[in-house]
Amino acid sequence: ELEQVVGDFLRRGTIAGIIMWLVLVGAAFAFTPHEYFETLQGSELHASVLLLVLLAFMNGLQMTHLIVRDSGTTAFVRTGVMLGASAVQIIAMLSVAMLTFLP
């Protein structure tokens, strides 16, 4: 019973966090003057690409391990803790990808 309550709370918190991130990123792009945007160059770009590759690789390995453990299903995402952890990692990868490829 407690596990169900905590799981529901974490799922709602995860959804709220994703919505909040989307709103804040949208607002940043909408309200920041275009002349303040810069593209990464040189070592900054290389470091950002490396970070994105490392995040994608490590999270891919972790998710693959969990999917194999659960006999090819994504049942692990049904728990609030795993859903929240996955959302945080996806937001991190999307933020780094935006930093890398968008102006």
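**Figure 1. Helix 3 gives the largest share of the lining of the largest pocket, three residues.** The model shown is predicted. The volume of this largest pocket is about 170 Å³. Two elements, helix 1 (2–31) and helix 3 (80–101), each give two or more residues to the lining. The lining residues are Val-25, Phe-29, Tyr-36, Phe-37, Glu-38, Leu-40, Ser-95, Met-98, Leu-99, Leu-102 and Pro-103.

**Figure 2. The lining of the largest pocket, viewed by residue class, has nine nonpolar residues.** Besides these, the lining has one polar and one charged residue. Glu-38 and Ser-95 are among the residues that line the pocket. Because Asp, Glu, Lys and Arg count as charged, Glu is placed in the charged class.

**Figure 3. Ile-15, Ile-19 and Val-23 make a nonpolar surface patch.** The area of the patch is about 280 Å². Val-23 has its place in helix 1. The relative accessible area of Val-23 is 53%, so this residue is exposed; the cut-off for exposed is over 50%.

**Figure 4. Asp-8 and Arg-11 form a salt bridge.** The closest N and O atoms of Asp-8 and Arg-11 are 2.7 Å apart. The structure holds one salt bridge. Side chains of opposite charge can pair when their charged atoms come close. Asp-8 and Arg-11 are three residues apart in helix 1, so about one helical turn separates them. Asp-8 is partly exposed, with a relative accessible area of 26%. Arg-11 also counts as partly exposed, at 23% relative accessibility.

**Figure 5. Leu-51 of helix 2 (residues 42–69) is shown with Ala-97.** Along the chain, Leu-51 and Ala-97 are 46 residues apart.

**Figure 6. Leu-55 of helix 2 is shown with Gln-89.** The C-alpha atoms of Leu-55 and Gln-89 are separated by 8.0 Å. In sequence, Leu-55 and Gln-89 are 34 residues apart along the chain. Leu-55 counts as buried because its relative accessibility is 18%, and buried means under 20%.

**Figure 7. Thr-64 of helix 2 is shown with Thr-74.** The two threonines, Thr-64 and Thr-74, are 10 residues apart in sequence. From C-alpha to C-alpha, the distance between Thr-64 and Thr-74 is 9.7 Å. At 45% relative accessibility, Thr-64 is in the partly exposed class.

Key:
Residues numbered from 1 in each chain as written. Predicted model: local features only at pLDDT ≥ 70, side-chain atom pairs only at ≥ 80, totals over all residues. Heavy atoms only, no water. 1 Å grid on protein atoms, 1.4 Å probe; cavity = no way out; pocket = protein on both sides within 12 Å on 5 of 7 lines; lining within 4 Å. Points joined across faces, edges and corners; volume = space filled by probe spheres on them. Helix = DSSP H or I, 4+ residues; strand = E, 2+ residues; numbered from the N terminus. Patch = residues over 30% accessible without salt bridge, like charges linked within 9 Å, V, L, I, M, F, W, Y side chains within 5 Å. Areas by Shrake-Rupley, 256 points an atom, 1.4 Å probe, with all protein chains shown as cover. Salt bridge = Lys/Arg side-chain N within 4 Å of Asp/Glu carboxyl O. Buried < 20%, exposed > 50% of the residue type's maximum accessible area, 1.4 Å probe, protein only.
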